[in-house]
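Open your viewer and get ready to select residues by number. This tour goes stop by stop.

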Amino acid sequence: MKTDLHIRLAVPDESSHIIKLLRDTAHWIQEQGINQWSYLLDGGEDEEIVRCIENNQTYVVEKNGELTATFTLYPSQNEWDQEIWGHQEENAVYLHRLAVNSAYMKQGIGNVILSWITEAVRADLIRLDCVADNEKLNVFYKENGFEPTGVTKGHSKFQKQVHKKSPLL
């Protein structure tokens, strides 16, 4: 694990910085020719992002005091998760909006985040989805131990069994 990274809960004062990071990431994704996260570009989830920060569901990753990444963990299904996964009763957390500042990509930060989540959550499963035709992202999740479970509405579904229980979620 990279010791120069600090992962912690986001605070409401950081909302605008997190939204900017997510929008910047959405722009970068579009520039790569990937049709994903376009709804973030016009503020389509700003209220939800702020609500998740206020509800202690959003995390920031800092390197040398600089915001380098963010992600959100839902302790239960939101409306999108139910649409993609169907109604699920398992003890699972749902990973959303994992974004790494493009200046810090290809430094293993995403791997560190996924490892940290695996160690930190108390749930039995971590679930996520991503656009099915984003090959690099699909490979990334497989390489980090997530098992593909199918495709729904053009989104690949992944889950990872969590064996260790600890006090975070």
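Where is Asn64 found? Select Asn64: it sits in the loop between strand S2 (58–63) and S3. Helices (H or I, at least four residues) and strands (E, at least two) are DSSP runs, numbered from the N terminus.

Some ground rules before moving on. This is a predicted model, in which local features need pLDDT of at least 70, side-chain atom pairs count only at pLDDT 80 or more, and totals for chains, interfaces and linings use all residues. Residues are numbered from 1 along each chain as its sequence is written, and side-chain values use heavy atoms, with hydrogens and water left out.

Most residues other than glycine have a negative phi. Asn64 counts as exposed, at 72% relative accessibility. Buried means under 20% relative accessible area, exposed over 50%, and partly exposed in between (1.4 Å probe, protein chains only).

Now select Lys106. Lys106 lies in the loop between strand S4 (92–100) and H5. Its phi is also positive, near 65°. At 83% relative accessibility, Lys106 is exposed.

**Inside strand S3**

Go to Thr72, in strand S3 (residues 66–74). Is Thr72 buried or exposed? Thr72 is buried, at 2% relative accessibility. Show its side chain and that of Thr58: a polar contact of 2.8 Å joins them. A polar contact is a pair of N or O atoms within 3.5 Å; within protein, one must be able to donate a hydrogen and the other to accept it, and residues adjacent in sequence count only if both atoms are side-chain atoms. Leaving aside residues up to four places away in sequence, Thr72 touches several others, including Cys52, Tyr94 and His96. Contact means heavy atoms within 4.5 Å.

**The cysteines**

Select Cys52. Cys52 is buried, with a relative accessible area of 1%. A disulfide is a pair of cysteine sulfur atoms within 2.5 Å. How many disulfides does this rule give? The count is zero. Cys52 is in none, and the nearest cysteine sulfur, that of Cys130, is 19 Å away. That is too far for a bond.

**Helix against helix**

Colour helix H1 (residues 15–31) and helix H3 (residues 46–54). They pack at an angle of about 130°, with their axes 10 Å apart. The contact involves residues such as Ile18 and Leu22 of H1, and Ile49 and Ile53 of H3. Axes are lines fitted to C-alpha atoms, for helices over the stretch in contact, and angles run from 0 to 180 degrees between N-to-C directions. H1 and H3 are therefore oblique to each other. Angles under 35 degrees count as roughly parallel, over 145 as roughly antiparallel, 65 to 115 as roughly perpendicular and the rest as oblique.

**Helix H5**

Pick Ile113 in helix H5 (residues 109–120). Ile113 is buried, with a relative accessible area of 0%. Not counting residues up to four places away in sequence, Ile113 touches Ile7, Val61, Ala69, Phe71 and Leu98.

**Last stop**

Finish at Asn144, in the loop between helix H6 (135–143) and strand S6 (147–152). Asn144 counts as buried, at 15% relative accessibility. What does its side chain meet? The side chain of Asn144 makes a polar contact of 2.9 Å with the side chain of Asn111.
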